[in-house]
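Dear colleague,

I am passing on the structure we spoke about, together with some notes on helix packing and charged side chains. Please keep in mind while reading that this is a predicted model.

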Amino acid sequence: MANLMLYAKEKGEKRFGAVNMASGTFPVGLMYATLVPEAKLDILKQRASLLHRMNPDITFQIRYAGTDMLFVPVTQMDLVTKYIGGKEEGIVKLNKLNSAEWAKTRARVKKAVKDMADELIKLYAKREASKGYAFGQDTDWQNDFERRFPYDETDDQLRCIQEIKADMERPVPMDRLLCGDVGFGKTEVAIRAAFKCVMDGKQCAVLVPTTILAWQHYQTFRNRMEGFPVKVDILSRFRTPREQEQVLEELRRGQIDVIIGTHRLVQKDVKFKDLGLVIIDEEQRFGVKHKETFKEMRNNVDVLTLSATPIPRTLN
């Protein structure tokens, strides 16, 4: 679709490296619409830095729609980043270099972001003013459930568990972010919050970005809650249409205590009898619209968000 190359003007044009753009993931220049795979872009930038020390005339050559090209000095390569926008039918349209189309696109995006920010302010104001459900103190079953954890909790785990429980016991809808690296025990913290929710007769929804992760969580939650009167189920494309209908019906009747699923949980035909807690895992892999749509549908429930990605990276 397009190429990003390194060139040096020394005894003619000498090509140092090229990245083929047929893979379907692209870069964006700050001033113009351009395309490049992120992993290969990082490698190319590293190569450019090394070569620049030997030859300061090295530049990036970025090809646009048609025959348009732009030479970017290596000293300005920070202006080239990965394209993370939506793709309609898997196709990204390239712009011409001197076209006003890219400026119009950026203007539309800025307006859409502002509109969404206004909606979020109203949503969170509404959640803060609304009366939520105050969960009760830990039961004997809760204490027994936590004692069955086969590992020693870390100090951070214990602190987060206590803070989340305190939030759940307040009459204001919880909106807490739990951030930690992979393997640091976020899932166990979420499982204990889900169990506390179920012990008060409420339902818990666990929203994950992929079907594989949904299946992994389904196995983990089910095995962890084995021996207790808690029914855990899954809703994803791995289930047949008939199985999905059965799960939806049991959700409506309150026969499922913990439901784990992908974006399927956000669809309008998903109804709960008494939802009390929403857990969103790997929130950085969801679009803002998906997460906030879920909150809008249930604006008086507690929300626990899990992420292994520090906030500054999610804002990049």
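Helix H4, residues 155-168, packs with helix H5, residues 186-199, at an angle of about 30°, and their axes lie 10 Å apart. Because angles under 35 degrees count as roughly parallel, H4 and H5 are roughly parallel to each other, and their crossing is right-handed. On the H4 side the contact is made by Gln157, Ile161, Ile164, Lys165 and Met168, while H5 contributes Glu188, Val189, Arg192, Ala193, Lys196 and Cys197.

Turning to the charged side chains, a search of the whole structure finds 21 salt bridges. Arg159 takes part in a salt bridge with Asp156, at 3.6 Å from N to O, and these two residues are three apart in helix H4, which separates them by about one helical turn. Arg159 also forms a salt bridge with Glu163, where the closest N and O atoms are 3.5 Å apart; both residues lie in helix H4, four residues apart. Arg159 is partly exposed, with a relative accessible area of 42%, and Glu163 is likewise partly exposed, at 30% relative accessibility.

Glu163 meets Arg176 in a further salt bridge, at 3.1 Å from N to O, and this pair links distant parts of the chain, since Arg176 is in strand E7 (residues 175-179) and Glu163 is in helix H4, 13 residues apart. Arg176, at 23% relative accessibility, counts as partly exposed.

Finally, a network of salt bridges links Asp138, Glu146, Glu153, Lys165, Glu169, Glu188, Arg192, Lys196 and Arg224.

Key
Residues numbered from 1 in each chain as written. Predicted model: local features only at pLDDT ≥ 70, side-chain atom pairs only at ≥ 80, totals over all residues. Heavy atoms only, no water. Axes fitted to C-alpha atoms, helices over the stretch in contact; angles between N-to-C directions. Parallel < 35°, antiparallel > 145°, perpendicular 65-115°, else oblique. Left-handed = near helix turned anticlockwise from the far one by under 90°. Contact = heavy atoms within 4.5 Å. Salt bridge = Lys/Arg side-chain N within 4 Å of Asp/Glu carboxyl O. Buried < 20%, exposed > 50% of the residue type's maximum accessible area, 1.4 Å probe, protein only.
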